[in-house]
Structure formats: structure tokens, C-alpha cells
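Reader: Could you walk me through pockets and surface patches on a model? I'd like the general idea, then the case at hand.

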Amino acid sequence: MFKVGIGYDIHRLVRGRKLILGGLHIPFKKGLLAHSDGDVLVHALCDALLGAANLGDIGIHFPNSDKRYKGISSLKLLEAVNRKLSKAGYKIGNIDSVLLMDQPKINQFRQEIIGNLSAVLKIAPQAISLKATTNEGVGSIGSKAIAGYAVVLLEPRAQSEKRKTKT
Ligand code: MG
């Protein structure tokens, strides 16, 4: 059966942190405050994938009280989520995502971010969409924080693909 999932995340922008989105270090005067690298895009994506497979959420699998995850690259978490999906019998059909942020403009980094996600998830870049928008100055989302949404479609893996997976 096909399954859809939605994920959302938000982190505060603060000085003295690197800005990491989709595993890419983006030059900016501020970064996202978090136990991990604060990658809102990847966190939203992990939650969308886990949600679609009804496997809970990122906080259950990777608690922020656990020292092992301090400062970890969120791409590592995404890789682990992808393995869980595979074991549960799913593969990714497509991903759509949105970042709510005023600055910096990420258009020039879009292809590289999609490339990172595509490499970790082992799916074609064409199956991944990344959009960005401001919040039009309404509230502090976009100026004091960056938020991200992701929606995914999961497809059942064929029996032949399942046999190849090491458990
Ligand atoms: Mg997060």
C-alpha cells in the first residue's frame, strides 16, 4: 500500500552556530540552535518518512537527551531512518519540502542540498523537491527561526528487493 507522511520542524537562529540545511553548510552570520546540527529540513524529512511508515517520530528514535546525538550530522539520522523504512518494506516514491526563511536566499544551494539528500536516501534527485518562502514578516518564523515542512510518499518494496536487504 502507498503511504503518505508529513513532517515539521523549527529551530531558532542564533549567533555562533553553523547554518546547516540538507547537510550543507551555508555561509551565514547565524545558525540553528539544537542538540544536533539543527538541520530543520532533514528533521522534518525524517519525521515525514517515519510518519508515513507509522514508526513514531525522530524524538523517539534519536532522543535529544542522548549524548550520542550531540552535534551529530542529521544526515546520519536520515540514513538510519531510511534503513528502518527499508526493513519495514517501503521505498521512497517522492519528497516535497518547504523551508520558511527570510535569509539567506538558498536558491543557489538548492541543487547541492538535493544532491546530498539523494545520495543518502539512494533515490533520484528528480524525486526530491525543495522550495523556500518567507513568512512575509508575520511573527518571527523566517527572521528569528527557520521552519521546515516535508511530505513524502512511500511505496511498497517489491519482494525481490526485500530479499536483497540485510537485516
Ligand atoms: Mg529538530
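Author: Let's take the pockets, then the surface.

Author: This is a predicted model, where local features need pLDDT of at least 70, side-chain atom pairs count only at pLDDT 80 or more, and totals for chains, interfaces and linings use all residues. Residues are numbered from 1 along each chain as its sequence is written, and side-chain values use heavy atoms, with hydrogens and water left out.

Reader: How do I read a pocket, and what volume does the largest pocket have?

Author: Rolling a probe the size of a water molecule over the atoms shows where empty space is left. A pocket is an open set of points on a 1 Å grid over the protein atoms alone where a 1.4 Å probe fits, with protein on both sides within 12 Å along at least five of seven lines; lining residues have an atom within 4 Å of a point. Here the largest pocket comes to about 290 Å³. It is lined by 13 residues, and N82, S86, L121, K122 and R157 sit closest to its centre.

Reader: Which helix gives the largest share of that lining?

Author: Helix 3, with four residues. Helix 3 (74–87), strand 5 (90–100) and helix 4 (110–121) each bring at least two. Helices (H or I, at least four residues) and strands (E, at least two) are DSSP runs, numbered from the N terminus. By class, that lining holds five nonpolar, two polar and six charged residues.

Reader: And what about the second largest pocket?

Author: That one has about 250 Å³ of space. Of its 14 lining residues, S36, H43, I58, F62 and N64 are closest to the centre. Strand 1 (3–15) and helix 2 (58–61) each supply at least two of the lining residues. The classes there are seven nonpolar, six polar and one charged.

Reader: Now the surface: which residues make the nonpolar patch?

Author: Nonpolar side chains are joined within 5 Å, like charges within 9 Å. In this model I6, Y8, I10, Y149 and V151 make a patch of about 450 Å². Strand 1 gives the largest share, three residues, and strand 7 (145–156) also supplies at least two.

Reader: Is I6 buried or exposed?

Author: Buried means under 20% relative accessible area, exposed over 50%, partly exposed in between (1.4 Å probe, protein chains only). I6 counts as exposed because its relative accessibility is 61%. R15, also in strand 1, is exposed at 60%.

Notes. Grid points are joined across faces, edges and corners, and a volume is the space filled by probe spheres set on the points. Ala, Val, Leu, Ile, Met, Phe, Trp, Tyr, Cys and Pro count as nonpolar, Asp, Glu, Lys and Arg as charged, and the others, Gly among them, as polar. Patches are made of residues with over 30% relative accessible area and no salt bridge: like charges are joined within 9 Å, nonpolar side chains (Val, Leu, Ile, Met, Phe, Trp, Tyr) within 5 Å. Accessible areas come from the Shrake-Rupley method with a 1.4 Å probe; for residues, only the protein chains shown count as cover. A salt bridge is a side-chain nitrogen of Lys or Arg within 4 Å of a carboxyl oxygen of Asp or Glu.
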